[in-house]
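Thanks for coming. I have one structure to go through today, and I will keep to what can be computed from the atoms.

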Amino acid sequence: MFVPPVASSFFEYVGDNSDSVLQLAWGHVWVVALSMAIATVLGIGLGVITYRSPVASSVTLTVAGLFLTFPSFALLGVLLAVLGLGVTPVVIALVMYALLPIVRNTITGLREVDAMVLDSARGLGMSTTRRLVRVELPIAWPVILAGLRTATQLVVGIAAIAAYVNGPGLGTFIFSGLSQLGGANATNQIVVGTLGVIIIALIFDALLALLGRATISKGIRA
Amino acid sequence: MPDTSTAVPSSDRSGATQTLREAMSTGNAVEIDLQSVTKRYPGSPNPAVEDFSLTIPAGQIVVFVGPSGCGKTTTMRMINRLVRPTGGRILIGGEDAAEMKPDDLRRHIGYVVQQAGLLPHLTVRQNIETVPRLLGWKRDRIAERSTELFELVGLDEGEFAGRFPRELSGGQQQRVGVARALAADPPILLMDEPFGALDPITRDRLQSELLKIQRRVRKTIVFVTHDIDEAIKLGDRVVVLKERSRIAQAGPPDEILAEPADRYVRAFIGGGAAVKRLHLVRVEDLELEPYPAFTQGEGYDTIIRQLQASQRDYALLLDDQRRPQRWLHTDELGDRPGQPQHVGQAVSGVVMATTTLHDAMDEMLSSGTGVVPAVDDRGAYLGVVRLDQVTAALEAIHTKPVAEQADATPVQTLAEITGEIDRREIEAEQARQAAAMSGDDA
Amino acid sequence: MTRVPTAVRLFATPVVVAIALVVLYVAIGKQTDPLSVTALTDAEGATSAHAFDSKVIDALLRHLRLVGISAVLVLLIGIPLGIVLTRTRSKIVSLLLNGIFSAGQAAPVIGVFVLLVAIFDLKGWVPYAGLTLYAVLPVMRNTVEGIRNVDPGLVDAARGQGFSRAQVLTRVELPLAVPIILSGVRTALVLLVGTATLATFINGGGLGNIINDGIKNQRDAVLLTGAVTAALLAVLIDWIAGLAERYMSPKGLRGESA
């Protein structure tokens, strides 16, 4: 039966278990940060390599889109079957999900760079690499960053499911609450897990927004 | 297509006494009377339109012209209540527009906007039939009307009816826009910079066709533009507006050009007022030169005799629909009686009877011939306009002393005036958006 | 874009899905050694491989039922709600809206599911409610976005022709928003197939049951059967939704976006 969580008892629960709350929250942050770092390098890299070729970019986008179509529980299951329990299958799964928004926005951003701007950069005598680093990527950066934000939101949520296959993170509270449904602290656990994930997602988003403020040229800020 | 000369004279079709309600069923033009109309946006210190009074006679084209942001569009949009006035009254056919249901009112006022504003998911036919459908016309009547409209705006029904707007050029889209606005035969037509986004050649052609259409339909047309040349070419009356939509001068275009009321109007007209007045004279106002012309079927002897009698060196070769094809010199005719379509020089351009002398002069200068054939609606040969006829008309204008005033260097440049107004425009635009957020337009 | 023949683009997906299904069926069928069969049947408490087959089919049908009913609810709730939200110009509402969207996006599905069970117990409708709650967001958001995306000049022109507000909505705004709404529906459908695998945790059944059995009993063959079937279902539904997106958008708009 539903036990209404009395406010004080919820905060009491969090206070009493602050150690494990912090530890699991840290684990959650850590696995997301690691996956996003890998996905960012991979995603921007794939975008930069493929954006000039319609065929290559369309193939990349189709594959990345396919990853995102797979149900997360099913993908985690398959990776578990192949790699066994632990962090590795979780990180791989999260990277796969994060890939599409990052690659797609990288390609879109790079393609949207004004041809006239590129032409004048060429006119100034910039090499292809220099043009990419000094002109194209800075101009595409707001779009790429938007992709990173979308990907992070997605990954923070999916990481909660990872707890079921022994991944680290706040999902542990949710599944623990589920297994003790009706028990004294079940609801508290579920709320801590769910709320914690939301808060982590919002913090990540805020940090990326700040990063945008710091790194997007004032000249192209919307 | 009925000849323009057979169009019913306006006096038979319109009258100031006719109410909009009556006019709705007949399509006859009505008078619009704006009385001290004011529009204030909340949060803006100055009104966008201040105490605007003007009578727009039935069946005439009245052009509001002024720099962007002067309130001319807002003023026009109050007529169909897309903007609700905060003061004053608007009488349409003697009836207070505020007392009619806005949607109903709008269904009886044609509305043409820049970029045409066609619904992209509907075909050309569906776009044109929008208002008749809203009005619940019978299917047969709608189909019949569409056919009329396609013909009126010069689009081939078979070719264009099933197309989507994005498959049309800008000029074609705007033709559809005009057809849509005229679909329910409204007594009034509001046009908001309809040709502003078109290239100069297309714009010119559509302007001329609008005049041609107006001869047939005789609507009361309110036309908004920032282009003084367009205003002069199209307007029966031109209303020059300054900020807050205050009237700097209103009158027939000739009067505005000849006697600008003040510095502002003079600056707005800019240089070359005399040349601009060539907009006011049309090819049909001249006595066309009857150059010898012949079709391929006619004998050469006849044409050579005609040429000799007329003492001219050139004759025009026409096709079987009497459309000018080639200029032929007497020498070419005498020597080679074989294939006239392969000798001489192709006719590079023609003007219509309704073309202004300004445009006719353009045509002559660009073709470098000094003469240009004039044709009727169907493209059939009427006669020839010579450059010296145009210069004679120009001289006639110049002899009016007032015209010189208009050419004098303005004390305040247009840029200065519009710069001032641009700042106001930003204010007004902000106010408009603020008002839009609060759900201003009824 | 280079032109791939339309037929190939249209039918590549179902062909690939069909091949994958055959491979899966053959691979599972080959698990003929007694140990594996016992394990399969043990996991299901059934007595034969045939029983396992029907178990998978039952789970698949249950999965489709979860997705189908939730999808209908999502459309019935999401589109009208999206329309209502565009009818108000209040800043508070749009702020509230953004809050709901970003919090909703950040909320973990599994947390929402389990919380619903904690509050309402294991009632039969809870999985549907959870799925609907989760998938309604993209449809609602895309409805709002699609309508807001309509060129204000077109709305103005339509108002000028004498369309009433309701007519502007039904004849201008909604038709023009269809492509964006459909893409939201497509997102929602894929999301539904995916999240429906989590219904197993709240007694909702579906292909999640098979996956879960495989994980709990450490039988990879069972796990893979459930996971691959769910993945193929998602790909297939995405393909169907893509076709709908392609052919249900107004003709005059097609070709504007790739």
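First, conventions. This is a predicted model, in which local features need pLDDT of at least 70 and side-chain atom pairs count only at pLDDT 80 or more, while totals for chains, interfaces and linings use all residues. Residues are numbered from 1 along each chain as its sequence is written, chains are lettered from A and ligands numbered from 1 in the order in which they are written, and side-chain values use heavy atoms, with hydrogens and water left out.

Let me start with chain C against chain A. Here 37 residues of chain C are in contact with 33 residues of chain A, contact being heavy atoms within 4.5 Å. The two chains bury about 3,000 Å² between them, and carbon and sulfur atoms give 82% of that. Buried area is the accessible area, with a 1.4 Å probe, that two parts lose on being put together, summed over both. On the side of chain C, the residues that lose the most area to chain A are C:Ala106, C:Pro108 and C:Phe201, together 17% of what that side buries.

Helices (H or I, at least four residues) and strands (E, at least two) are DSSP runs, numbered from the N terminus. By class, the side of chain C that touches chain A has 24 nonpolar, nine polar and four charged residues. Nonpolar covers Ala, Val, Leu, Ile, Met, Phe, Trp, Tyr, Cys and Pro; charged covers Asp, Glu, Lys and Arg; the others, Gly among them, are polar.

Now chain B against chain C. This contact takes 25 residues from chain B and 24 from chain C. The buried area is about 2,200 Å², with 54% of it on carbon and sulfur atoms. Two salt bridges cross this interface. B:Arg77 forms a salt bridge with C:Asp156, the closest N and O atoms being 2.7 Å apart. On the side of chain B, the elements that give two or more residues are helix H4 (102–107), strand S6 (109–113), helix H6 (130–134) and helix H20 (414–437).

On to the sheets of chain B. Six strands form an open sheet in the order S6-S7-S8-S3-S9-S10, with mixed pairing; two strands pair if DSSP finds at least two bridges between them. S6 and S10 (246–251) of chain B stand at the edges with a single partner strand each, so one side of each has no neighbour in the sheet. Within the sheet, S3 (61–65) and S9 (237–242) of chain B pair in the parallel sense over four bridges. B:Val63 has B:Val238 in S9(B) as its bridge partner.

The other open sheet has four strands, ordered S2-S1-S4-S5 in chain B, with antiparallel pairing. Its edge strands are S2 (49–56) and S5 (95–96) of chain B. S4 (87–92) and S5 of chain B are joined by two bridges, and B:Ile92 stands opposite B:Glu95 in S5(B).

Last, single residues. The structure holds 25 salt bridges over all chains. One of them joins B:Glu193 and B:Lys72, with the closest N and O atoms 3.9 Å apart. B:Glu193 is in the loop between S7 and helix H10 (200–217) of chain B and B:Lys72 is in helix H3 of chain B, so this pair ties together parts 121 residues apart in sequence.

B:Asp51, in strand S2 of chain B, has a positive phi near 50 degrees without being glycine.

Key. A salt bridge is a side-chain nitrogen of Lys or Arg within 4 Å of a carboxyl oxygen of Asp or Glu.
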